[in-house]
Amino acid sequence: MSDPRKLFVRTYGCQMNVYDSERMAAALAPEGYETVETPEDADLILLNTCHIREKAAEKVYSELGRLKPLREAKPDLKIGVAGCVAQAEGEEIRRRQPMVDFVVGPQTYHRLPKLVRDGGVDIDFPEEDKFDHLPKDKRAARAPAAFLTVQEGCDKLCAFCVVPYTRGAEVSRPAQRLVDEAKALADRGVREITLLGQNVNAYLGEGPDGDWTLARLVRELAKIEGLARIRYTTSHPNDMSEDLIAAHGEEPKLMPYLHLPVQSGSDRILKAMNRKHTRDEYFRLIERIRSARPDIAMSGDFIVGFPGETEADFEDTLDLCRQVRYAACYSFKYSPRPGTPAAGAADMVAPDVAQERLVRLQALLTEHQRDFQASMVGKRMDVLIEKAGREAGQMVGKSPWLQAVHLQADPSDVGRIVEVEITGAMPNSLAGRRVG
Ligand code: 5AD
Ligand code: SF4
């Protein structure tokens with residue numbers, strides 16, 4: 001056999017891109033590619049890109065600029081652009097950066113081997129399912145937590161969002177295949193699965209006995225022995241169905257943490273964003289979820305400075321946060337995205353106003369996050385041991401609420417769920433000691 005060829009993948013954006021990067025590496029393994037940790041070592045560099053905000057998209061072009069000397073020093077180095085910028089910009093990428101050999105969208109990465117060989121641009125939304133054409137990931141030992149894409153695309157058409165254009169309309173994968181894949185993951189030692197979808201709670205997949213909802217899928221996956229924890233992300237409030245809320249109360253393997261972005265606390269802005277619900281409806285939804293599962297922690301996303309947002313609208317957002325008290329949040333300044341309904345809006349918020357609002361919102365969200373972290377001290381909880389920590393003898397695990405937990409444990413404990421008493425809280429992690 002010839003020497004293995006070296007693949008370097010850089011991933012931007014969401015967890016689905018992290019998952020896709022793994023699948024792309026798997027698609028290239030039969031071609032003799034193995035992954036390396038630095039671009040300098042690679043024969044093939046793949047940038048798996050994100051188009052969600054302008055800054056994210058521009059990163060691709062600066063990264064390509066940085067790779068130029070590498071390519072000049074090594075003429076047979078191949079460079080490909082994958083993901084959502086690839087989907088949105090296609091041929092334009094090669095116009096701006098001719099050294100790019102190929103451009104591949106998220107729906108065609110099963111055709112990667114051919115693109116790597118021949119170059120070109122492939123940003124189809126093909127008839128065939130890429131997952132049917134990808135080799136199985138055969139690695140024996142893996143991390144105890146894994147992602148599984150169950151749904152892609154979005155039909156919600158929020159006025160700010162590129163996802164319907166980069167990832168297409170909502171498509172759910174067949175339920176039985178997901179059960180089989182989850183079983184295979186569990187057989188290889190995976191204890192925690194995060195079900196991924198751009199609008200995952202709208203999942204409606206063909207099942208052996210009619211269509212399955214996300215709630216049904218979760219309940220069936222929970223029957224897999226060895227699999228101890230199930231999560232899902234990202235969800236739209238309007239797709240939090242009764243059966244899914246009930247599953248949170250009834251299915252102990254479903255973790256008490258829910259990412260449920262609302263984007264704004266102002267009814268006027270929610271309407272302009274085409275979110276299709278009011279702030280009151282969101283409050284009532286959260287009440288129902290919390291009464292099903294009282295210890296559930298919420299996280300969210302916010303956009304400040306959406307066109308037309310006034311100081312009063314923004315204060316409604318702060319007020320919503322004070323009422324919900326999120327455990328964690330992501331917040332962004334509005335970034336007009338080409339092709340989206342809001343992009344041409346005349347009533348743009350001045351950049352310095354948006355910046356000032358972002359700072360205020362983040363200060364409040366950070367305060368709530370700190371309170372949430374602090375509330376863990378003294379608690380006992382199950383922690384899934386995931387990997388070695390920075391210090392000797394230290395391991396890092398994950399709490400039910402998605403927090404990193406540092407504790408003394410042995411590398412052989414990876415994959416174990418142990419009882420831990422929390423002894424300290426940092427803004428982004430916890431410290432604990434094993435008990436029992
Ligand atoms: N500008 C700023 N933030 C955005 N998001 C999505 N589109 C935009 C945009 N055009 C944010 C939303 C979404 C998260 C993934 O990114 O908050 O939930
Ligand atoms: Fe970025 Fe959205 Fe694409 Fe994920 S799906 S990589 S968040 S644009």
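Helix axes here are lines fitted to C-alpha atoms over the stretch in contact, and angles run from 0 to 180 degrees between N-to-C directions. Helices (H or I, at least four residues) and strands (E, at least two) are DSSP runs, numbered from the N terminus.

This is a predicted model, in which local features need pLDDT of at least 70, side-chain atom pairs count only at pLDDT 80 or more, and totals for chains, interfaces and linings use all residues. Residues are numbered from 1 along each chain as its sequence is written, chains are lettered from A and ligands numbered from 1 in the order in which they are written, and side-chain values use heavy atoms, with hydrogens and water left out.

Let's start with a helix pair. Helix α8 (residues 214-221) packs against helix α9 (residues 242-250) at an angle of about 25°, and their axes are 8 Å apart. Because angles under 35 degrees count as roughly parallel, α8 is roughly parallel to α9. Their crossing is left-handed, that is, the near helix is turned anticlockwise from the far one by less than a right angle.

The loop between β13 (229-233) and α9 holds Thr234, which is joined to Thr233 by a cis peptide bond with omega of about 0°.

Now to the ligand. Which residues surround ligand 1? They are Ile52, Arg53, Phe160, Gln263, Asp301, Ile303, Phe332, Lys333, Tyr334, Ser335 and Arg337, each with a heavy atom within 4 Å. Polar contacts (pairs of N or O atoms within 3.5 Å) include these:

| Residue | Protein atom | Ligand 1 atom | Distance |
|---|---|---|---|
| Arg53 | side-chain N or O | oxygen | 2.8 Å |
| Asp301 | polar side-chain atom | oxygen | 2.6 Å |
| Ser335 | backbone N or O | nitrogen | 2.8 Å |

Taken alone, ligand 1 exposes 400 Å², of which the protein buries 87%, by the Shrake-Rupley method with a 1.4 Å probe. Strands β15 (297-304) and β16 (328-333) are the elements that give two or more residues to the shell.

One shell member, Gln263, sits in the loop between β14 (257-259) and α10 (267-272). Gln263 has a positive phi of about 75° although it is not a glycine. Most residues other than glycine have a negative phi, and most peptide bonds are trans.

Key:
Polar contact = N/O pair within 3.5 Å; in protein donor to acceptor, adjacent residues only side chain to side chain. Parallel < 35°, antiparallel > 145°, perpendicular 65-115°, else oblique.
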